[in-house]
Amino acid sequence: MEYVREFFGKDNRECLYINLNHFYFTERTLVDFVAEFRAKGGKVLLIDQVFKYPGWSKELHYCYDNYPDIRIVFSGSFVMRLKEENPDLSGKVVSYNLRGFSFREYLNLMVGTSFPVYSFDEVMKDHTIIAESICSQVKPMAFFQDYLRHGYYPFFLEKRNFSENLLKTMNMMLEVDVLYIKQIEQSYLPKFRKLLYLLAISAPCAPNVSQLSKDIKTSRATVMDYIKYLTDARLMNMLYTEGETFPKKPAKVYMHNTNLMYPIRPETVNVQAVRETFFYNNLHKGHKLNVGAKNAQFMIDKAYNFKIEESSRIRNNPDLYYAVDKVETGHENLIPLWLFGFLY
């Protein structure tokens, strides 16, 4: 709807926003609607909540083949696994995964700056120069803790209780993104909620699948499926030893981002867990993360072993790289942790 207002204006009939969760589409087919829209001069159709419409991928496939002059943009959920589960649209859809705010984006919003994105390679090579340039304009550490608590989701821009809003959203992600899209019975929701809670209060941890299966009264295989669903819904992250992947048990599970850690049990949030979660969340886009070598939490792209640590606790090992908390600038293999928030 914002796209329509910005690029077309409210009186322009060439672009239209629709929500497929509307009662209108319980009787009207999407194909017929697109045909009528096209006949009346429509050119761009924006479709929200596409997964609420049965058979949506087949009908979009038909529209793609028969109405090539209509541009269709649709929104869905991470859990849909667009390419894997919708072969009708294979090769026809360009997908974009919308992430939460990076620390860079949050900082730009709060201060009014326009800091650019830096690649991982640029950070590894020139982190001292980059950090000094940023710190000459703003003090990033003055904003970093606030970002870790409430900067990832846009709710902080609204005049509402952030934690309550996020808890409601997390429940909605379970009810809609997991149960509805995966067609799981609503009666299983308490199992998902308990599993998420048990993992959240101990993450990062090596999940004890046998104990978890007893706690939520289901099989070990089902526990692993549930953890995968929580990962697909961007509530959890799984970290594997190099060469291993799902359905094997992950070496560790993390919360997807640091904001999710605080509403569930704010009085017991572990500072080191927050650091590692922030690092994982920023690096897993576009990079391969595995369990690190001895004394390192992560290995990046099979090449860089990283230890996440507070500055005062470091005993420098030249074979490792350090993402260092509570420093503005670093040197050599010591890189400020906050700077990894500038990768997108």
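## Exercises: a buried cysteine and an open sheet

C63 counts as buried, at 1% relative accessibility, because buried means under 20% relative accessible area, with a 1.4 Å probe and protein chains only. This is a predicted model, where local features need pLDDT of at least 70, side-chain atom pairs count only at pLDDT 80 or more, and totals for chains, interfaces and linings use all residues. Residues are numbered from 1 along each chain as its sequence is written, and side-chain values use heavy atoms, with hydrogens and water left out.

**Exercise 1.** Find how many disulfides the whole structure holds, and look at C63.

*Solution.* Start with the criterion: two cysteine sulfur atoms within 2.5 Å. The search of the whole structure gives zero disulfides. For C63, the nearest cysteine sulfur belongs to C15 and is 16 Å away. Now try C205: its relative accessible area is 14%, so C205 is buried.

**Exercise 2.** Work out the strand order of the open sheet and which strands stand at its edges.

*Solution.* First, strands are DSSP runs of E with at least two residues, helices are runs of H or I with at least four, and both are numbered from the N terminus. Two strands pair if DSSP finds at least two bridges between them. The order is β6-β7-β8-β9-β10, with mixed pairing. β6 (289–291) and β10 (334–336) each have a single partner strand, so one side of each lacks a neighbour in the sheet.

**Exercise 3.** Describe how β6 is joined to β7.

*Solution.* The two strands run antiparallel, and three bridges join β6 to β7 (residues 298–300).

Notes
Buried means under 20% relative accessible area, exposed over 50%, partly exposed in between (1.4 Å probe, protein chains only).
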